[in-house]
Amino acid sequence: MISEAVVDLSRLQFAMTAMYHFLFVPLTLGLAFLLAIMESVYVMTGKQVYQDMVKFWGKLFGINFALGVTTGLTMEFQFGTNWAYYSHYVGDIFGAPLAIEGLMAFFLESTFIGLFFFGWERLSKLQHLAVTWLVAIGSNMSALWILIANGWMQNPVGAEFNYQTMRMELTDFGALLFNPVAQVKFVHTVAAGYVTGAIFVLAISSYYLLKKRDQGFARRSFAIASAFGLASILSVIVLGDESGYEVGDVQKTKLAAIEAEWDTHPAPAAFTLIGWPNQEEQRTDYAVKIPYVLGLIATRSIDKEVTGIKDLLVQHEARIRTGMQAYGLLEQLRAGDTSDATRAAFEAVKQDLGYGLLLKKYTANVVDPTEAQIQQAALDTIPNVFSLFWSFRAMVGAGFLMLALFACAFWASARKNEERKPWLLKWALFSLPLPWIAAQTGWYVAEHGRQPWSIAEVLPTHLSASSVSSADVWGSLLALIAFYSVLLVIEMYLMIRFARLGPSSLHTGRYHFEQAQPAHA
Amino acid sequence: MFDYEMLKLIWWVLVGVLLIGFALTDGFDLGAAALLPIVGKTDDERRVVINTIAPHWDGNQVWLITAGGALFAAWPLVYAAAFSGLYWALLLVLFALFVRPVGFDYRSKLDNTRWRQSWDWGLFVGALIPSVVFGVAFGNLFLGLPFGFDDTLRSSYQGSFWQLLSPFALLAGVVSLSMLMLHGGTWLMMRSEGAIAARSQRAAQVCALVFLAAFIGCGVWLWQGDIVGLHISQIGAVDSALNPLNKTVLADNPGWLANYQLYPHTKWAPMLGILGAALAFAAATAGRGGFAFAGSSLAIVGTLCTAGFALFPFVMPSSLDLASSLTVWDAVSSHKTLGIMLVAACIFVPLILLYTLWSYAKMWGKVSTAHIQNNSHSLY
């Protein structure tokens, strides 16, 4: 049996490194497209200020991109170093999108990023524009493949267990590609990235407008960011990934936990706006409810039910019992009894093998648990309701705040009076953290909501870890914390320094600090 | 399409191609960064070195990332057992690689000597460590790694990081380090001029000799020493899905040389390693950067093929439990996954080669200190 400490530490390390990585990824996704839009305007109008915009925002893009690359490496190494059994058990399916991500997306993005920074004088205007677009497309393609991989963890379609090789194997690549969970996740995630890029440009441009410097540069940046941001935030909200919660048992459980739906109510269910979920007593205290709304947003219908947690628990307990049979039959198969009857019996119940494996946390044999262990394993299938409930609301709240901001910014920018609205500029500046809050809480909901599984209904997290010692994982965790803290301080220092300096950092002689005093830095 | 056995062989070739691609491309930028303190005496000179690789290091590094992804997808058991078993070696490489993206991008953003010198050291160490560890890891494959599987195919590893540093493995580390530094040196001969090119020339000459000594030394060690390779004595049908534990492996392949006796024409690989390095040495001596780079490239291809041919069909031999050794026949993904990945590789690898060559062609030419001074704020 694997030590609990190794599993918990590996989870902590994965959560920390993934969330840290996702500080940089959304900005890359969004800024890449903004750069491509700005450069398109430059090529179409020939106005120098748009090239300066590409170069300046590109400088900040580069500072961010470097850490995105750095922290992405950790993610690829970590599946192998800390989640070796996971890698073996699902590598046949999960590895493919990662490898294709490398071939299709990383090469594209990384080869052309070099030309983006250093090719200004070597490439024609159109060639350079194409390069910038290819960087943007490459980064978005990489999001597509990683979310196909992640979508499969949430809703593992197109694969089945092979008892001879003791792993899941791919049966339907099309199902993996067109997994509905992956599709909504992709749209939701890249649009959230565009919002991040837009807020970033909007906030920093507002800072220049508030300081009344480089106004022509800032006003144009503000205009592009507000339009792009408004379109993006609408996509994030309208195409919010709630629609992905209809498929797959774990997605349903996640939805029930997010909404603290303890009981199955007649459709359309009421939406709990706020409340105090109490997992032990399975109820929500102080709930403020809005009738019908949950049924509408979760099922996009008025007649489909949202299954409550108590009913899900009953279903899960039944599946654990079937899973015990599946495990028993698997043992028979592996002991050499591969008769047609045994194989057929295993085929009939193997979809619940994963539920049986949940018992591995309590008993090595799986087939002989106590009643209390079965009950405990069933309770394990419900993630922490309180934290999911509130993280989700933080994400949605941040989203609506940004919607209001972009609407006002777009309106002001269209009427060309944003400079006369310091309240708007300050609001935009102080909204800078919002997309990161939304992204981090959103990923927390998606991934903590998947617990206790690493692959929904297939492989429990506690079986997925490597056979390494807890001292090893402590060591790597502490080293990563140390490295990441230092890197974050350096990155923030450079980012703030160059953001404050503004386009003067290009040393073109056209901007604020170069006119007032001799250039430096 | 291809039968399963054929696909298993093709993926052995493709993983090799990705590793060779990594060594050929990221190899010269690792090598150049490892030569940074030797060939760049002033800040401007070091910026020349960095800017010869500035537009390319990121794309080059993707060869490594894709090789990792391909390992995950095509040989999941190798990925699982190697990455968790070689835990600290891999983390060491990871931490070293951390320094590179930030080092390249941040180094010249501030005009502060201490800041820049710190990053220069970071880039040097960040190149040195992976270059050595990759060789040490390969050396350990010849010695066998102390890992095994239980009956659910969960891997466990009975060894420590320090045990990897045996004399033979360290010699293999010298092979990889000198090979990549040679490659970096010949690259800099082509892409720089004056004092930097002259120092790179000296470095390439020295590295070529060190490489030749270490590479031939490894060969002699295998031939005359006490390292015993493995050989499969019994295995199921190789065109079917196999569990690695269901085979019999014997340790009766002295020095891993059986394949070279069985298939004598494979001896071109070690010959190429030696002749490539000899060509690099001769061309470096004659001051011909292009030929020297061709020589170091051939040496890389020869060296990696030498190791791959010797170990075949093993890809990760075990010293703990011979049957747990992973081979191209039983460490692989399903027929379907290998087929789909092959289609993806056939579409994208030619495209990648095409636009990579275009990007090199566009950025070709010598980087000079004058160029650095004139573009101080837009270059690395």
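Helix α6 of chain A is mostly covered, with 26 of its 31 residues buried. The model described here is a predicted one. The helix comprises residues 180–210 of chain A, and the distance from its first C-alpha to its last is 44 Å, close to the 45 Å expected at 1.5 Å a residue. Just after α6(A), A:K212 adopts a positive phi of about 55°.

A helix with the number α1 in chain B was examined in the same terms. Helix α1 of chain B runs over residues 4–34; its 31 residues should span 45 Å at 1.5 Å a residue, and the end C-alpha atoms are 42 Å apart, which agrees. A bend of about 40° occurs in α1(B) at B:G27. This helix, too, is mostly covered, as 22 of its 31 residues are buried.

Not counting residues up to four places away in sequence, B:A67 touches B:V15, B:L18, B:L19 and B:F22. B:A67 and B:L14 are 53 residues apart in sequence, while their C-alpha atoms are 9.1 Å apart in space. In an α-helix there are 3.6 residues a turn, so residues three or four places apart point the same way.

The contact between the chains takes 60 residues from chain A and 59 residues from chain B. On the side of chain A that touches chain B, at least two residues each are supplied by α2 (48–82), α3 (84–118), β2 (167–170) and α18 (470–501) of chain A. The most is given by α3(A), with 23 residues. By class, this side of chain A has 32 nonpolar, 21 polar and 7 charged residues.

The largest nonpolar core has 296 residues, and those with the most contacts inside it are A:L34, B:V78, B:F211 and B:A280. Helix α3(A) gives the most to this core, with 23 residues. Leaving aside neighbours within four places in sequence, A:L34 is in contact with A:W57, A:G197, A:A198, A:V201, A:I224, A:A225 and A:F228.

Within helix α3 of chain A lies A:F112. A:F112 is buried because 27 other C-beta atoms lie within 10 Å, where 20 or more are required. Residues up to four places away in sequence being left out, A:F112 touches A:V131, A:L134, A:V135 and A:G138. Of these, A:V135 is 23 residues from A:F112 in sequence, and the two are 5.9 Å apart in space, C-alpha to C-alpha.

The UniProt annotation "transmembrane region", from an unreviewed entry, covers several spans of chain B, including residues 12–39, 85–103 and 268–286. Over residues 85–103 of chain B, the chain is 95% helix and 0% strand, with end C-alpha atoms 29 Å apart. The span 268–286 of chain B is likewise 95% helix and 0% strand, and its end C-alpha atoms lie 26 Å apart.

Several backbone features were noted in loops. Most residues other than glycine have a negative phi, and most peptide bonds are trans. A cis peptide bond joins A:Q451 and A:P452, with omega about 10°; A:P452 lies in the loop between α16 (434–448) and β5 (453–455) of chain A. In chain B, a cis peptide bond with omega of about 0° joins B:F312 and B:P313. The loop holding B:P313 is between α12 (289–311) and β5 (314–316) of chain B.

A:K416 is placed in the loop between α14 (385–414) and α15 (422–430) of chain A, whereas B:L153 lies in the loop between β1 (147–149) and β2 (155–157) of chain B. A:K416 is exposed because it has 10 other C-beta atoms within 10 Å, and 12 or fewer is the limit for that class. B:L153, with 20 C-beta neighbours inside 10 Å, counts as buried.

Conventions: Residues are numbered from 1 along each chain as its sequence is written. Chains are lettered from A and ligands numbered from 1 in the order in which they are written. This is a predicted model: local features need pLDDT of at least 70, side-chain atom pairs count only at pLDDT 80 or more; totals for chains, interfaces and linings use all residues. UniProt positions are given in the numbering used here, feature names are shortened, and annotations may be inferred rather than shown by experiment. Helices (H or I, at least four residues) and strands (E, at least two) are DSSP runs, numbered from the N terminus. Two residues are in contact if their C-beta atoms, placed from the backbone, lie within 7 Å. Ala, Val, Leu, Ile, Met, Phe, Trp, Tyr, Cys and Pro count as nonpolar, Asp, Glu, Lys and Arg as charged, and the others, Gly among them, as polar. The expected span of a helix is 1.5 Å times one less than its number of residues. The bend at a residue is the angle between axes fitted to the seven residues ending there and the seven starting there. A nonpolar core is a set of buried Ala, Val, Leu, Ile, Met, Phe, Trp, Tyr and Cys residues joined through C-beta atoms within 7 Å.
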